[in-house]
Amino acid sequence: FLLSVIAFLISLGLVNMLLHSVSGLDFLRLSLLSVIWKPGFLLLALALLLFVSLVAGGYPSWLIIRFKVVESLKGRISMRRKSGLRSSLIVLQFVIACIMISCTFIIYRQYQYLQNADTGIDKSYIISIPLHQPERGPQLIEKLRSRFASNPHIVSITGSNINMGRGSDHRTVKSTTDYTYHGKQIHTNMASVDFEYLKTFGIRPIEGRDVDKAYKSDTSNDMLISETVAKEFKEKNLIGTVIGSDSSFKGWRIVGIFPDFHLYTMEEEIEPLSLTLDRKASLNYCFIKISSQNPVSTMEFVRKEMDKLEPGQDFTGSFVEDNISDWYQGEKMMSLLFSIAASVAVILSCSGLLAMVLLVIQQRVKEIGVRKVLGASVRTISFLISKDFLLLVFLAIFISTPIAWFTMSKWLQNFPYRIEIHLWMFLMVAVTALAISLMTIGINTVRAATANPVDSLRSE
C-alpha cells in the first residue's frame, strides 16, 4: 500500500509536468487539468489505489500465511518453479506491450500518410491570412496586388471564403447547393474565390482557364468546376455554359474545369466543388504565393503591409503547408499518447520479466552449479534458463497480433484514404519484443551461467 501511495503521488506530479511542458497540447492541457484536480477524479483514483494495493498485496499475503512456521524458521521455504499465475501475468504484460507498439506504429504511419499525401495542390510557400473585414475582401486583395506588383518575391495573390487547412482561427466553412440543368440534378460544394486562384495553388485546368483579371469579361458571375462536377452534366464542351439562371439571377458562366483536389481534410472523400467569382462576395482569407527565397523575411514584409491595410488588427498569417499539417493534430496526438503508453507497457513488461528471471535463477542456482561441474557450456545453461521465458513472449506475440490487426483495421475504416496493414509490420513488432526480452533475460542468464559453481555448492 505504501509503495502504491508513493507511485500514485509521483504519477500525479509527472502528469502535471507533462501537460505543462509538451508543446502543442493546449486543448489537452486544459481538459485534463480541469479533471485531475476535481474531487470526483481524486476519489476514483483513491479507489483504484486501494484496489491495486489489495490485489497486488493480497496474493503474496495469502502465500505467506500458508507457509509452515517450522519450515520458515529453518529457512526451508521453497516456491514452485513454474506457476501458472506468474506465467499468465508475463504473457498478459507482453500482450499489452505488443498491442501498444503495433497500434503506435500503425497510427504514426497513418498520420505520416495523411500529412504527406498528394492533396492535388502545390501547398509550398503559400501564406494564408485571415481578413478581419471579409466584406471588403476583394478590395483589400486588390490593394495588396498593387502594393506587391514590384516585389519579385510575390508570385501571385488570390482569396477565398474558405481557408486551406486549419489556420490560426481554426475556422472552416462548407456550403452545398443543388440546381437543375436540362433535367439533370447537379450537386456541388461552393466556394467564393478571387482572381488567379488556380494559379496560386498550382492547379492546371483540364479545360478552359483560370479566372484572370487580364480577361475583361472576368468581372463577376464566372465559375470554375471540378472534374467530378463536370461528370454530373454528362456533356462535353461545357466551357461557356451558363447554369443556375432564373428570373432574378443571370446565372454562372463556366470558364474552366480543374482536376479534383482536397479543399478539406483527407479524412473526408473528395466531393464535387465549384469555385465562383463574385466581386461582391465576402472573402475571409487572402492567399499569397511567394518564392522559395527568404520566406521568413517575405512573411515579415507581408505582415507590415497588412498592418497598414488593417491597422490595429493582429496579424495571424500562417503557411498553408503548416495549416494542412494541423488538420491531422488528432492523429499526431494519438501517436504521441500511444508512444508514451507503449513505452510504459514495455518498461513494466521488462520489469516483470526481469523479476521472474531473477527468481528462477535463485531457485536453480545449485542446479546450474551442478551442470557446470558436469561440463555444461555457458550457451547451454543460458538457453536452458531462457527458453521458457521466450516461449511466453512468443505466446504473447501470437495472441496480440490478431487483436492489434483487428483493432487497427476497424480504426482505419474511419479514413477514406488510409494505409494498408501488412504482415511485415507485426513481424517488426515481434522482432522488437523478442529483442527487448532477450536483452532483459540475457545479461542475468549469462551472469548466472558464468558464475563460479564453488560459490553455489560449497554448503553441499
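The charged end of Lys174 sits over the ring of Tyr264, 4.7 Å from its centre, where sitting over a ring requires NZ of Lys or CZ of Arg within 6 Å of the ring centre and within 35 degrees of the ring normal. This is a predicted model, in which local features need pLDDT of at least 70 and side-chain atom pairs count only at pLDDT 80 or more, while totals for chains, interfaces and linings use all residues. Residues are numbered from 1 along each chain as its sequence is written, and side-chain values use heavy atoms, with hydrogens and water left out.

**Aromatic pairs**

- A search of the whole structure finds 10 aromatic pairs, a pair being rings of Phe, Tyr or Trp (its six-membered ring) with centres within 6.5 Å, called stacked when the planes are under 30 degrees apart, edge-to-face when over 60 and tilted otherwise.
- Tyr181 and Phe233 have ring centres 5.1 Å apart and planes at 70 degrees, so they form an edge-to-face pair.
- Because Tyr181 lies in strand E3 (residues 175–181) and Phe233 in helix H8 (residues 227–233), this pair ties together parts that are 52 residues apart in sequence; helices (H or I, at least four residues) and strands (E, at least two) are DSSP runs numbered from the N terminus.
- Tyr181 is buried at 9% relative accessible area, and Phe233 is buried at 0%, where buried means under 20%, exposed over 50% and partly exposed in between, with a 1.4 Å probe and protein chains only.
- The rings of Trp327 and Tyr328, with centres 6.2 Å apart and planes at 70 degrees, are likewise edge-to-face, and both residues are buried.
- Tyr197, Phe201 and Phe287 are linked into a cluster by ring pairs.

**Cysteines**

- The structure holds zero disulfides, a disulfide being a pair of cysteine sulfur atoms within 2.5 Å.
- Cys350 is in no disulfide, and the nearest cysteine sulfur, that of Cys98, is 10 Å away.
- Cys350 is buried with a relative accessible area of 14%, and Cys286 is buried at 0%.

**Largest pocket**

- On a 1 Å grid over the protein atoms alone, a pocket is an open set of points where a 1.4 Å probe fits, with protein on both sides within 12 Å along at least five of seven lines, and lining residues have an atom within 4 Å of a point.
- The lining of the largest pocket comprises 29 residues, of which Val52, Ala56, Leu89, Gln93 and Leu348 lie nearest its centre.
- Helix H3 (39–66), helix H5 (84–116) and helix H11 (329–363) each supply at least two lining residues, with the largest share, 11 residues, coming from H11.
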